[in-house]
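Please have the sequence and the model open as you read.

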Amino acid sequence: MLPVDLPTGLFLGGRFVAGTDTLAVRNPYSGAIIAEVATGGPAEVDRAVRDAAAHLPPPPPVERARVLERTAEILAARAEDLARVVCLEAGKPIRQARGEVARCIDTFTFAAAEARTLSGETVPLEASAPGVGKIGFVRYAPVGIVGAITPFNFPLNLVAHKLAPAIAAGCPVILKPASKTPLSALLLAAVLADAGLPPGALSVVTGDGSAVGDPLVDHPDVAMISFTGSGPVGWAIRQRAPQKHVALELGNSTPVIVAEDADVTRAAAKIAGSGFAHAGQSCISVQRVYVHESIHAAFLVELRTAVERLVVGDPATETTDVGPVITTESLARLEGWLTAAVVEGAEVVTGGGTRGGLLLPTVLDGITPRMHVSCEEVFGPVVGVAAYHAIDGAIALCNSTPYGLQAGIFTARVDAALRWAERLEFAGVVINETPTFRADQQPYGGIKGSGNTREGPHYAVRNMCEPRLVIVDLPDV
Ligand code: NAP
């Protein structure tokens, strides 16, 4: 049962309204339908764009900052409701869902600070002969209407990473949340309305990826698409809208190096925690561990012990660490990849099977680069391990996939790790912590197949703005 009286309509014109059809939202643990949510299509996208256009130029930064600050306050007051919705629709264990809500509050808080502090710059025109007698300055203006498209795995905070910077930048925004998890986004829209966001400055159009996504991407009055999700969908959007600003936050196959001098117990405990949180369904879940051959056996013992302590079960239960993956199709894909990895020579250290329909946290040893569990994004509770002989080989293995979001290193020699970090082809390298670490104000995003942008309010706000130059000729007086 839903913990709160949740909105289930399309959010248009500041109200929740009926759509053309509905979609069923299921609890991934029980399979039960928890809500029927209205869906829209091209007509609703068009209406949202017209409403959004009325909000340009935007209200002044001080008003936008107040809405964001007030939103953070309301989110804090309703934190438990929000956590329960995240838990129910995404199958995220309740303690982890509370963590997502806390991070969402941070995201709005940092966005409010950006709204208050975003400034331009002066241009040193008199540094060249043609500029003598002139002054120039750049101010950062909102890029226009932003279309935001979000995935299922952080149904609240990844929506916040689109909406909060858009509001801070002064961009009206139209959100298409993931069809599997639209409820957190709708509840967030209600919170934003309560916080004073004017009607039409945000619309939420739920519905099928292409039925809503295509008209949003194609609409000539939408200036920018901000997308978080899988690579194939993201890069197809990039191709579909060559003249738009398209910001992509995509997947990863997250590697970690555990060097010979690392604290093995600590590394194993950290990896057990962050490889299996939300059943491994984070774009930076630890997926591949390259461990020095001299500590390989000891590390496997420690990792197995830590993983077997994880509590698997109902995500609504306080003690649960690992819940379900999002759909039975995901489960079937993971089972197929595990079977293939074993056929190709990997050994199951722990897990490998299901209990009560849940895939047990699984550790494989002896993964090789061509296995699905190495070269593709697993997005499930599976961590693969392989021993390495020399650091050059470990770095090459880390770099051997098309992805480049975050990577990690455990070692006692931070000076060496700083050098290794330079050679890791990832947008972020985390030393002596797992690469699953993310603080919401950090620059976050990927290179290579993992995307083309950085989020975190400071960075996202600037991405949602464009520099506008003003030059004034000053006559002699
Ligand atoms: P997905 O299948 O790519 O879906 C993401 C969003 O795109 C959903 O809202 C989906 O709608 C929509 N969509 C589908 N087809 C579309 C189209 N033709 N046009 C426009 N939008 C379309 O991804 P997911 O399974 O929800 O999420 C998992 C993926 O997200 C993983 O690859 C993960 O690594 C990535 N991710 C990346 C980050 C990051 O910050 N880098 C963070 C979290 C997740 P429907 O739901 O209606 O299909």
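## Cavities, pocket and cores

The model holds three cavities of 30 Å³ or more. A cavity here is a set of points on a 1 Å grid over the protein atoms alone where a 1.4 Å probe fits but cannot get out, whereas a pocket is an open set with protein on both sides within 12 Å along at least five of seven lines; lining residues have an atom within 4 Å of a point. Points are joined across faces, edges and corners, and a volume is the space filled by probe spheres set on them.

This is a predicted model, in which local features need pLDDT of at least 70 and side-chain atom pairs count only at pLDDT 80 or more, while totals for chains, interfaces and linings use all residues. Residues are numbered from 1 along each chain as its sequence is written, and side-chain values use heavy atoms, with hydrogens and water left out.

| Space | Volume | Lining by class |
|---|---|---|
| Largest cavity | about 50 Å³ | five nonpolar, seven polar, one charged |
| Second largest cavity | about 40 Å³ | four nonpolar, one polar, three charged |
| Largest pocket | about 940 Å³ | 16 nonpolar, 15 polar, nine charged |

In these classes, Ala, Val, Leu, Ile, Met, Phe, Trp, Tyr, Cys and Pro are nonpolar, Asp, Glu, Lys and Arg are charged, and the others, Gly among them, are polar.

Of the 13 residues lining the largest cavity, Gly 280, Ser 282, Ser 285, Gln 287 and Phe 379 are the closest to its centre. In the largest pocket, 40 residues form the lining, and Pro 151, Phe 227, Gly 229, Ser 230 and Val 233 lie nearest the centre. Helix α8 provides the largest share of that lining, six residues.

Now for the cores. A nonpolar core is a set of buried Ala, Val, Leu, Ile, Met, Phe, Trp, Tyr and Cys residues joined through side-chain atoms within 4.5 Å; buried means under 20% relative accessible area, exposed over 50%, and partly exposed in between (1.4 Å probe, protein chains only). The largest core has 61 residues, and Leu 68, Phe 108, Leu 192 and Leu 202 have the most contacts inside it. Helix α4 (residues 94-117) gives the most to this core, with nine residues. A second, separate core of 59 residues includes Val 289, Leu 303, Ile 395 and Ile 409.

Finally, helices (H or I, at least four residues) and strands (E, at least two) are DSSP runs numbered from the N terminus. Helix α14 (residues 414-423) has Ala 416, Ala 417, Trp 420 and Ala 421 as its buried residues.
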